[in-house]
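Visitor: I've got a model open and I'd like to learn how to read it. Can we go through it feature by feature?

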Amino acid sequence: MSKEETRAKIIKTFRELAVNKNLDNITVLEIAESCGITPQTFYNHFEDKYQMVEEMHNERFDEICEKVVGGQITWEEGLCEYLNGFIKAKRFLIRAFGKLGDDDSYVQSVEEHMVCAMKSLYEEKNNAPADDVFVFAMRVYADGMLSTIYKWLKDQDRMPVEKLAKYISKAVPKTVIDGFSTIISTRG
């Protein structure tokens, strides 16, 4: 099995285990045994299960961004996809988001990835560096969006995904809208 196939199998196995168990109750040993590898093989791919989940999030976010930039979906539709992913991992994410102030938190890492990914997309599509104002506006937006998602996940009577996606979509700062207006296709 290639390195990529092993990595994919680890993630697939984790997703299967996570259907019935909370992340905190899934061990690296259990993941390894379930996919027929040693724990060391797991550690050859990931530092720990938390880093694996973070990488899974980042890959999903990047895929959604590519669809938005490619015109396959709107930003609002992308947000719906993104939010539905959060619902599936609600218990873990409430714990992870609960550490909002920690410098080494899941949320800080996710926010940093979002900002860097959007900055890279901007620079790639515009063939120019993103200015500091754009990056700052993107950081403020990502921070506010993640904080809102955390509160939404905790709310037992939360609003529907589509409504939250619409609100988050409408809250995009003008600086970010202007920065992406030339690269994000809008569908009717």
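Visitor: Let's start with a helix pair: in which hand does H4 pass H7, left or right?

Guide: Keep in mind that this is a predicted model. For a crossing, you look at which way the near helix is turned relative to the far one. Here H4 passes H7 in a right-handed crossing.

Visitor: At what angle do H4 and H7 pack, and how far apart are their axes?

Guide: Helix H4 covers residues 49–69 and helix H7 residues 106–126; they pack at about 30°, with axes 10 Å apart. Angles under 35 degrees count as roughly parallel, so H4 and H7 get that label.

Visitor: Which residues meet where H4 packs on H7?

Guide: Read a contact from both sides. H4 brings Val 53, Glu 54, His 57, Asn 58, Phe 61, Asp 62, Cys 65, Glu 66 and Val 69. From H7 come Tyr 106, Ser 109, Val 110, His 113, Met 114, Ala 117, Met 118, Leu 121 and Lys 125. Sorted by class, that contact of H4 with H7 has 10 nonpolar, 4 polar and 4 charged residues.

Visitor: H4 also meets H1, so how do their axes cross?

Guide: Helix H1 (residues 3–18) and H4 have axes that come within 11 Å and cross at roughly 100°. The range for roughly perpendicular is 65 to 115, which is why H1 is described that way relative to H4. On the H1 side the contact is made by Arg 7, Ile 10, Ile 11, Phe 14 and Arg 15, and on the H4 side by Met 52, Val 53, Glu 55, Met 56 and Glu 59. By class, this contact of H1 with H4 has 6 nonpolar, no polar and 4 charged residues. Notice that Val 53 is listed in the contact with H7 and in the one with H1.

Visitor: Are Cys 65 and Cys 80 buried or exposed?

Guide: The cut-off for buried is under 20% relative accessible area. Cys 65 is buried at 3%, and Cys 80 is buried at 15%.

Visitor: And Ser 169, buried or exposed?

Guide: Ser 169 has 19% relative accessibility, so it counts as buried. This serine lies in helix H9, residues 161–170. Leaving out residues up to four places away in sequence, Ser 169 touches Trp 75, Glu 76, Leu 79 and Tyr 141.

Visitor: Where does Asp 48 sit?

Guide: Asp 48 is in the loop between helix H3 (39–45) and H4. At 30% relative accessibility, Asp 48 counts as partly exposed.

Visitor: What about sequence separation versus distance in space?

Guide: Check C-alpha pairs. Asp 48 and Thr 27 are 21 residues apart in sequence and 9.5 Å apart in space. For Glu 30 and Glu 162, 132 residues apart along the chain, the C-alpha separation is 36 Å. Glu 30 lies in helix H2, residues 28–34.

How values were computed
Residues numbered from 1 in each chain as written. Predicted model: local features only at pLDDT ≥ 70, side-chain atom pairs only at ≥ 80, totals over all residues. Heavy atoms only, no water. Helix = DSSP H or I, 4+ residues; strand = E, 2+ residues; numbered from the N terminus. Buried < 20%, exposed > 50% of the residue type's maximum accessible area, 1.4 Å probe, protein only. Contact = heavy atoms within 4.5 Å. Axes fitted to C-alpha atoms, helices over the stretch in contact; angles between N-to-C directions. Parallel < 35°, antiparallel > 145°, perpendicular 65-115°, else oblique. Nonpolar A, V, L, I, M, F, W, Y, C, P; charged D, E, K, R; others polar.
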